[in-house]
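Please work through each task before reading its solution.

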Amino acid sequence: MTKVITKFTRNLPHWQPRVTPVDLKEASEEQLDALQVTPSNTKVSEYVLTLAHDVESLKVRSPLFNAIMYDKGGMSRAERELGALGASMVNHCIYCAAVHAARHAQLEKSTDVTDKLFRDGAKADLSERDRAIFDFAVALSEAPSQAGPAHMDALKSAGLDEAEVLDLILSAALFGWANRLMHVLGDPVRLPEAAV
Amino acid sequence: MALDTNALRHAGIAPDGGSAAAVEGRAAIFEMTQAAEDAVLRPKDEGPWSHELRVALAARIATLNGEADLAAQYADGACAFADLADPQNDGAAQGLAEVVAFMDKVAIDTRNVVAADISGLQAAGVADADIVRLAELNAFLAYQIRVIAGLRLMKGAFA
């Protein structure tokens, strides 16, 4: 039996699709091209094989995702992860939250911030800069209209420049997208030991 | 700035206006954002969800998020599905009640989406591939609408 995870964790769960993923053996040329695999390659995740049902979206989403999270300049990678985490906590996407909390901890070489967020929720005691970043990501994720000029003032007061704010907008918004795939199309589960 | 994308137009970011330099620094991202819009709203392979139905649902989601101008733009191409752009209509008249209820929930109550929402669509006869297409459409719009709202705030703050 698998157990669905309902609490935030940095311990990466397995993602179990609620729909049947594309069977790599039956994938079309276009799907194989988007997956960048050959039919003999069996290392493709179930998540990506699920998204391969909409190959045109998958093809444009992967490079966009990488650019928003990893392109040079602007906001630090760890702070982009914090934006992603804010969105994922609002949307209760346990899987995305686990991945991006773990990356934040790895980049910062500290679990302090994500420990506090998972223990105390959105009201956790954060630095002024992390507070401003997290609060904006949460507001934008709950409903775009909840984010307002006061959030921008807090970001500027905390020392973020325009390029950093732009990257924060993009990373929080991107997880509005990612959460609606991960959280909607599958469950975060722990597999029984024998199946791992 | 050669960049001309729907997101930038709706955020009011002009080539030589405020925030143009920051946006230019992420030009590739805005170009890919436009490509993603084309992929979810006007894909070559529509599946059972026509371009008209897709823009109607897009308009509906924009309205649910308070983006009236964006909603009006999308609704312009909705043709026979124009009624669905109005969140007051539940889709029953078009035989799309399950699809519309699913889209509304994913758009504005994401955290409470559960496995039964997917099995409900499957029971209503929606194929797995077409469930993924609906989720991608909804997911992209969540991003697009938030990018627009965020840019508008950024432009105001850094003017």
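**Exercise 1.** Identify which residues of H4(A) meet which residues of H9(A), and classify the contact.

*Solution.* Step 1. On the H4(A) side, the contact is formed by A:Arg80, A:Gly83, A:Ala84, A:Ala87 and A:Ser88; on the H9(A) side, by A:Asp167, A:Leu168, A:Ser171, A:Ala172, A:Phe175, A:Gly176 and A:Asn179. The model in which they are found is a predicted one.

Step 1. Sorted by class, the residues of this contact comprise five nonpolar, five polar and two charged.

Step 2. Helix H4 of chain A spans residues 77-90 and helix H9 of chain A spans residues 162-185; their axes come within 8 Å and cross at roughly 40 degrees. An angle under 35 degrees would count as roughly parallel, and one of 65 to 115 as roughly perpendicular. H4(A) and H9(A) are therefore oblique to each other. The crossing of H4(A) past H9(A) is right-handed.

**Exercise 2.** Determine how H4(B) is oriented relative to H5(B), and describe the residues in their contact.

*Solution.* Step 1. Helix H4 of chain B (residues 51-64) packs against helix H5 of chain B (residues 68-75) at about 170 degrees, and the axes are 8 Å apart. Because angles over 145 degrees count as roughly antiparallel, H4(B) is roughly antiparallel to H5(B).

Step 1. From H4(B), the residues B:Val55, B:Ala58, B:Ala59, B:Ala62 and B:Thr63 meet B:Leu70, B:Ala71, B:Tyr74 and B:Ala75 of H5(B). This contact holds eight nonpolar residues, one polar and no charged.

**Exercise 3.** Is B:Leu70 buried or exposed, and with which residues is B:Leu70 in contact beyond four places in sequence?

*Solution.* Step 1. B:Leu70 lies in helix H5 of chain B. Its relative accessibility is 0%, so B:Leu70 counts as buried, the cut-off being under 20%.

Step 1. Beyond its neighbours within four places, B:Leu70 is in contact with B:Asn6, B:His10, B:Ala62, B:Ile145 and B:Ile148.

Step 2. B:Arg9 is 61 residues from B:Leu70 in sequence, while their C-alpha atoms are 9.8 Å apart.

**Exercise 4.** Describe the largest nonpolar core and the surroundings of B:Tyr143.

*Solution.* Step 1. The largest nonpolar core contains 124 residues, and A:Leu185, B:Tyr143 and B:Leu151 have the most contacts inside it. Helix H8 of chain B (residues 128-157) supplies the largest share of this core, 17 residues.

Step 1. Residues up to four places away in sequence being left out, B:Tyr143 touches A:Leu64, A:Ile68, A:Leu170, A:Ala173, A:Leu174 and A:Trp177 of chain A, together with B:Ile29 and B:Thr33 of chain B.

Step 2. As general background, nonpolar side chains in soluble globular proteins tend to be buried together.

Notes
Residues numbered from 1 in each chain as written. Chains lettered and ligands numbered in written order. Predicted model: local features only at pLDDT ≥ 70, side-chain atom pairs only at ≥ 80, totals over all residues. Heavy atoms only, no water. Axes fitted to C-alpha atoms, helices over the stretch in contact; angles between N-to-C directions. Helix = DSSP H or I, 4+ residues; strand = E, 2+ residues; numbered from the N terminus. Contact = heavy atoms within 4.5 Å. Nonpolar A, V, L, I, M, F, W, Y, C, P; charged D, E, K, R; others polar. Left-handed = near helix turned anticlockwise from the far one by under 90°. Core = buried A, V, L, I, M, F, W, Y, C linked by side-chain atoms within 4.5 Å. Buried < 20%, exposed > 50% of the residue type's maximum accessible area, 1.4 Å probe, protein only.
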